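Let's walk through this one together, starting with a strand and its neighbours and ending with a pair of helices.

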Amino acid sequence: MWHELALPWQICLSLAWEAYCDGCIPIGAVVTGPDGEIISRGRNRIYENKKPEGHTNGQVLAHAEMEALYALDYDAIDPHACCLYTTTEPCPMCMGTFYMSGLRTLHYASREAFAGSVNMLGTTWYMSRKPIKVIHPENNFLEEFIIALFVEQDSHLHRGSLPEGIFFDRWRQAIPGGVELGLVLSESGILRRHHAEASNISVVYNQIESLGK
């Protein structure tokens, strides 16, 4: 249930839900300091039309992890003592930016079978130099819920079905439960109703989790 999630995951999911409701890719990220406090946050803004100051919105570089890392005041922190939390395994761009940022710990809640690039660590001499700690997905339902947001969004855009191609084929192979949940949510319209009612993500999360019980 929602109350069992650590605060960084709650904030990440809140940001992912905000992105979803804004028509952007549902990914959220936060950076925590040495005491676990949230010191920056970001969410996907690729398709955002608004122009909030300090954001790289409306362009292909506006990824959640990039936003969270860009928002850090590096003069005020020890990046080695900070952690990046993200709902979704970082893509090559975000993985490289994380590595260059000086942060040493990465948590991600769901695999990304198409563009996820945690495996970049250790594959080149440069990407092997820093002692990076990666905490892989630890909560099965959380992972499936995150994937379901992606799938429901794309299914809605394609009028109830998923487009053919390697993207969803890889997701079906890696996280079939998440894909199936996304299709169920698309057919039922639950997420669309919550969006229309401006529901809090905690309410959404608990209701969707209860469906599987």
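Before we look at pairing, one ground rule: two strands count as paired if DSSP finds at least two bridges between them. Also keep in mind that this is a predicted model.

Start at strand β1, residues 28-32. Five of its five residues are buried, so β1 is largely enclosed by the rest of the structure. In a regular strand, side chains alternate between the two faces of the sheet. Here, G28, V30 and T32 point one way, while A29 and V31 point the other way, and all of them are buried.

Now for the neighbours. Strand β2 (residues 38-43) runs antiparallel to β1, and five bridges join the two. Within that pairing, V30 has R41 of β2 as its bridge partner. The hairpin of β1 and β2 has five residues between the strands, and G36 takes a positive phi there, near 90°. β1 also pairs with strand β3 (residues 83-88), again in the antiparallel sense, over four bridges.

Next, the helices. Two packed helices are described by the angle between their axes and the distance between the axes. For α4 (residues 140-157) and α6 (residues 176-188), the angle is about 50° and the axes are 7 Å apart. That angle makes α4 oblique to α6, and the crossing is right-handed. Residues making the contact include F141, F145 and V151 of α4, along with G177, L181 and L185 of α6. Sorted by type, the contact residues come out as nine nonpolar, six polar and two charged.

How values were computed: Residues numbered from 1 in each chain as written. Predicted model: local features only at pLDDT ≥ 70, side-chain atom pairs only at ≥ 80, totals over all residues. Heavy atoms only, no water. Buried < 20%, exposed > 50% of the residue type's maximum accessible area, 1.4 Å probe, protein only. Axes fitted to C-alpha atoms, helices over the stretch in contact; angles between N-to-C directions. Parallel < 35°, antiparallel > 145°, perpendicular 65-115°, else oblique. Left-handed = near helix turned anticlockwise from the far one by under 90°. Contact = heavy atoms within 4.5 Å. Nonpolar A, V, L, I, M, F, W, Y, C, P; charged D, E, K, R; others polar.
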